Amino acid sequence: MDDHAAMGLALEEARAALAHGDVPIGAVALLDGDVVARAHNEREARQDPTAHAEVLLLQRVAAATGSWRLSGLTVVVTLEPCPMCAGALVAARVDRLVYGADDPKAGATGSLYNLCADPRLNHEITVAARVRAPEASALLADFFAARR
């Protein structure tokens, strides 16, 4: 599956977050081109500050593969990961990250920080940025406009 198609699935996941009032961020995990897990934000649904799409996704992939070492994995997410999520991706040894919209307020893969390419850490992740960014940005903008 290519990045464009995988981002389409992540956008579907992001829309699912709207059903329980969560910020519409979705993620999918690919292993050898196949989807192995999907997730979306569930902070409001779970009342859990760590229930970001990426963290939930990593938990599901680890359960499916039986390992916390997720080398070979590509994570596709609609918004640039925050420091917590970028750190989790690095700790899980993810190979590749694809994201949609930049996050100038909390982005940790290039906007504010770049945890995925910090040589001081024990692992680096290849990043493809701004895949289907207009769609991902519009979904977030519409959500926050409706809340104001």
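Biologist: On what basis are the values given?

Modeller: Residues are numbered from 1 along each chain as its sequence is written, and side-chain values use heavy atoms, leaving out hydrogens and water. The model is predicted, so local features need pLDDT of at least 70 and side-chain atom pairs count only at pLDDT 80 or more, while totals for chains, interfaces and linings use all residues.

Biologist: Which residues of helix H4 are buried, and what arc do they cover around the axis?

Modeller: Helices (H or I, at least four residues) and strands (E, at least two) are DSSP runs, numbered from the N terminus. Buried means under 20% relative accessible area, exposed over 50% and partly exposed in between (1.4 Å probe, protein chains only). In H4 (residues 83-91), the buried residues are Cys-85, Ala-86, Leu-89 and Val-90. They lie on the same side of H4 because their arc, taken from the directions from the helix axis to the C-beta atoms, is only 140 degrees.

Biologist: Which elements do the buried residues of H4 pack against?

Modeller: Contact means heavy atoms within 4.5 Å. By that criterion, the partners of these buried residues are helix H3 (53-65), strand E3 (73-79) and strand E4 (96-101).

Biologist: How are H3 and H4 oriented to each other?

Modeller: Axes are lines fitted to C-alpha atoms, for helices over the stretch in contact, and angles run from 0 to 180 degrees between N-to-C directions. The H3 and H4 axes are 9 Å apart, at an angle of about 25 degrees. Angles under 35 degrees count as roughly parallel, over 145 as roughly antiparallel, 65 to 115 as roughly perpendicular and the rest as oblique. H3 and H4 are therefore roughly parallel.

Biologist: Which residues of H4 meet H3?

Modeller: From H3, the contact involves Glu-54, Val-55 and Leu-58. Their counterparts in H4 are Met-84, Cys-85, Ala-88 and Leu-89.

Biologist: How are H1 and H5 oriented to each other?

Modeller: The axes of helix H1 (residues 3-17) and H5 come within 11 Å and cross at roughly 0 degrees. Leu-11, Ala-14 and Arg-15 in H1 meet Glu-135, Ala-136 and Leu-139 in H5. The two helices, H1 and H5, are therefore roughly parallel.

Biologist: Is Asp-32 buried or exposed, and what is its relative accessible area?

Modeller: Asp-32 lies in the loop between strand E1 (26-31) and strand E2 (34-40). Although not a glycine, Asp-32 has a positive phi of about 55 degrees. Asp-32 is exposed, with a relative accessible area of 75%.
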